[in-house]
Amino acid sequence: MTKKEFELTFKLLSYPNRLFSKDKLMTEIWGYDSPSDDTTIRTHVNRIRNKLDKVTEFEIKTVKGLGYKAVIKNK
């Protein structure tokens, strides 16, 4: 996992079920002056999902048009 992937995963899992807007994540993970865009976040989330596809304790959900959140699954 890259540093940015880890930071994004850590941020989402630190606040389970809390929705983070794409803008909020961009500012907090990539910085206010970053030239990155929504595609950057989408790409990183997809990479995280692929790398953690065997992890069943949580999932990263997309809330269309709004952002992302981590959802902890009950066993």
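Predicted model: local features only at pLDDT ≥ 70, side-chain atom pairs only at ≥ 80, totals over all residues.

Residues are numbered from 1 along each chain as its sequence is written, and side-chain values use heavy atoms, with hydrogens and water left out.

Helix α1, residues 3-14, packs against helix α2, residues 22-30, at an angle of about 125°, with their axes 10 Å apart; helices here are DSSP runs of H or I with at least four residues, and strands are runs of E with at least two. The axes are lines fitted to C-alpha atoms over the stretch in contact, and angles run from 0 to 180 degrees between N-to-C directions. The two helices are therefore oblique to each other, since angles under 35 degrees count as roughly parallel, over 145 as roughly antiparallel, 65 to 115 as roughly perpendicular, and the rest as oblique.

Which residues of α2 are buried? They are Leu25, Met26, Ile29 and Trp30, where buried means under 20% relative accessible area, exposed over 50%, and partly exposed in between, with a 1.4 Å probe and protein chains only. Seen down the axis of α2, these buried residues fall within an arc of 100°, so they line one face of the helix, the arc being that of the directions from the axis to the C-beta atoms.

Finally, Asn17 lies in the loop between α1 and β1, and its phi is near 70°, a positive value in a residue other than glycine.
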